[in-house]
Amino acid sequence: MEEKISNFLTEVIDEDLAAGRVKEIHTRFPPEPNGYLHIGSAKAIWINWSIARAYGGKFNLRFDDTNPVREDDEYVQSIVEDLRWLGAEPNGGIFYGSDYFEQCYQYAEQLIREGKAYVCDLTREEMQQYRGTLTEPGRPSPYRERSAEENLDLFRRMRAGEFPDGSKTLRAKIDMASPNMNLRDPAIYRIVRAHHHRQGDQWCIYPLYDFAHPIQDAIEGITHSLCSLEFENHRPLYEWVIENLHLGPFPIQREFARLNVTHTVMSKRYLRQLVETGVVDGWDDPRMPTLCGLRRRGYTPESIFDFVKKAGVAKANSQVDSRLLEHCIRTELETAAPRRIAVTDPIRLVVTNYPAGKVEHFALPNNPNREAGDDSTRPVPFSRELWIERSDFAEVPPPKFQRLRPGGEVRLMGAYLVRCDEVVKDAAGNIAELRCTADLETGNGMPADGRKVRGTIHWVSAAHAVDAEIRLYDNLFTEENMGELPEDKTYDDYLNPASVQVLPSAKLEPALAEAKPGERFQFVRMGYFTPDSKHPGVYNRIVTLKDSFSKTLAQG
């Protein structure tokens, strides 16, 4: 079983179990297949899945496919893949809201026969006008008092396709003076002629979410419908449907705060726009907050669920610092990721006193944070010509510069000390090559004369290097709180033009030649990286080495 984490949701469940109101906990995750899941979805998945596991219950995946206009099987498959990747296997089964269309329809007829629903001819605009405001009650539709017989006839003709799209709706007859706007005779069926990804053209009327969802929960035996806070005002309607269709006393609905993350937009409509306009490289672009984007970026299921746990389960909306997510993956990779060498902006270094054609191997640690074992080191080839980082050399070094300079000496990490004797430039005056002398008595040891050399730089043998492109990612948006923008601004105004930096000429140590997507490495002094799943030879930076958020956590 999953370790139980106490919060206000589990308190409700504990009370229901203690009172004998339920015997087995049954939860669900009901995504609409109109886009890819994002980091906010991970919270809803984790809450419903982990609670079901903690109580030895069942967890369903149910697709809310009641709106055929934007839904597609592509999204269905992506959602199934994301849940399996997260390890949130739906042990209660995988279901589709569209499979319950006939039952929903029969329940709608039941409401009509009992005088609790009616067919309305008001247009959408007219319905909004009749609905009233937060301070003024709504006005009853002129069609509200149609007889049950007339309503049944019209509703059946709606199903038969006699009326054009949008010309009629079926509305629940509740209370046009209710202080809750959702109870002012909400529409529960509308006419939409659109091809459904599962039902084809069988239906031209579709139930709305607020009507279909409680019915679907009841059919599947869901005990606790745990959803985000945006549905709190919809709970009375959820309960009205359960009560008036005699489906209760369970399921019950309870709400938790959504996961809002800094520098992030969760709107699937806008994320789709970014994809369709080519601003990003698909739904799985490593800058996207989608789960497939995070997967391609190199994040793990464990780090995502750890982030959700640390963000907490609360009743009030708040914003979580995106650096917490970075902290979670960084903490995991500190011990899990093997070390490798990558030179991202290479400059050639020639060891002039090292024999041409000679190759020796130095044992470098795979991960100093792990216990020593047979795989604690790896052999790294060393030859006469090497690649080093351009930033590790300065002709005119700034103050406190401890790397290579003309006449200066540094340690080649895990290998020899070298002194820069000559700087070779090309016709344009750019540095093309550094010619150095190695102290060949210092192979990973201290110099015999006791001199101290403070600087250490990393390197790759030029004869053995693997060519690669490296991509460094930053926030997709420049504004921290993307949920509160000025009225004259849009999301587009805050797209970060520097959200990705491409380094096309990187040189990697040969141990990375067989690296595969999904594997993660620490490039020494550079950060954590993973091979890209769509472009061979490309490495995505998962996260930097520096953890600025750990101090924030330590301070509470």
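**Notebook: strands, rings and a helix**

I started with strand β6 and found that three bridges join β6 to strand β7 (residues 205-207), the two running antiparallel. Two strands count as paired if DSSP finds at least two bridges between them. Helices (H or I, at least four residues) and strands (E, at least two) are DSSP runs, numbered from the N terminus. Before going on, I noted that this is a predicted model, where local features need pLDDT of at least 70 and side-chain atom pairs count only at pLDDT 80 or more, while totals for chains, interfaces and linings use all residues. Residues are numbered from 1 along each chain as its sequence is written, and side-chain values use heavy atoms, with hydrogens and water left out.

**Entry 1: around β6**

I looked up who faces whom, and R190 stands opposite Y206 in β7. β6 also pairs with strand β5 (residues 169-172), in the antiparallel sense and over three bridges. There, L170 stands opposite Y189 in β6. Strands of a sheet pair through backbone hydrogen bonds, either parallel or antiparallel.

How many of the five residues of β6 are buried? I got four for residues 187-191, so the strand is largely enclosed by the rest of the structure. Buried means under 20% relative accessible area, exposed over 50%, and partly exposed in between (1.4 Å probe, protein chains only).

**Entry 2: the whole chain**

I stepped back and counted 13 helices and 27 strands in the chain. Of its 556 residues, 51% count as buried. The C-alpha trace spans about 105 × 55 × 40 Å along its principal axes. A compact globule of 556 residues would have a radius of gyration near 24 Å, but this chain has 31 Å. That radius is taken over C-alpha atoms, and the globule rule is 2.2 Å times the number of residues to the power 0.38.

**Entry 3: rings**

Next I went after aromatic pairs. Rings of Phe, Tyr and Trp (its six-membered ring) pair if their centres lie within 6.5 Å; planes under 30 degrees apart count as stacked, over 60 as edge-to-face and the rest as tilted. By this rule I have 22 aromatic pairs.

I picked F362 and Y416: the ring centres are 5.4 Å apart and the planes sit at 90°, so I wrote down edge-to-face. F362 is in strand β15 (residues 360-365) and Y416 in the loop between β18 (409-412) and β19 (417-425), so this pair ties together parts that are 54 residues apart in sequence. Are these two buried or exposed? F362 is buried at a relative accessible area of 8%, and Y416 is buried at 6%.

Y416 also pairs with F382, with centres 5.3 Å apart and planes at 70°, so that pair is edge-to-face. F382 lies in strand β16 (residues 377-382), so the pair with Y416 ties together parts 34 residues apart in sequence. Both F382 and Y416 are buried.

The charged end of R139 sits over the ring of Y130, 4.1 Å from its centre. R198 has its charged end over the ring of Y96, 3.6 Å from the centre.

**Entry 4: S383**

S383 is in the loop between β16 and β17 (385-389). At 6% relative accessibility, S383 counts as buried. What does its side chain touch? The side chains of S383 and S461 are joined by a polar contact of 2.7 Å, and a polar atom of the S383 side chain lies 3.2 Å from the backbone oxygen of E385. A polar contact is a pair of N or O atoms within 3.5 Å; within protein, one must be able to donate a hydrogen and the other to accept it, and residues adjacent in sequence count only if both atoms are side-chain atoms.

**Entry 5: helix α3**

Helix α3 (residues 73-86) has 14 residues and reaches 20 Å from its first C-alpha to its last, close to the 20 Å expected. The expected span is 1.5 Å times one less than the number of residues. D72 caps the N-terminal end of α3, with a side-chain oxygen 2.8 Å from the backbone nitrogen of E74. Among the buried residues of α3 I noted Y75, V76 and L86. Just after α3, G87 takes a positive phi of about 85°.

Technical notes: A charge sits over a ring if NZ of Lys or CZ of Arg is within 6 Å of the ring centre and within 35 degrees of the ring normal.
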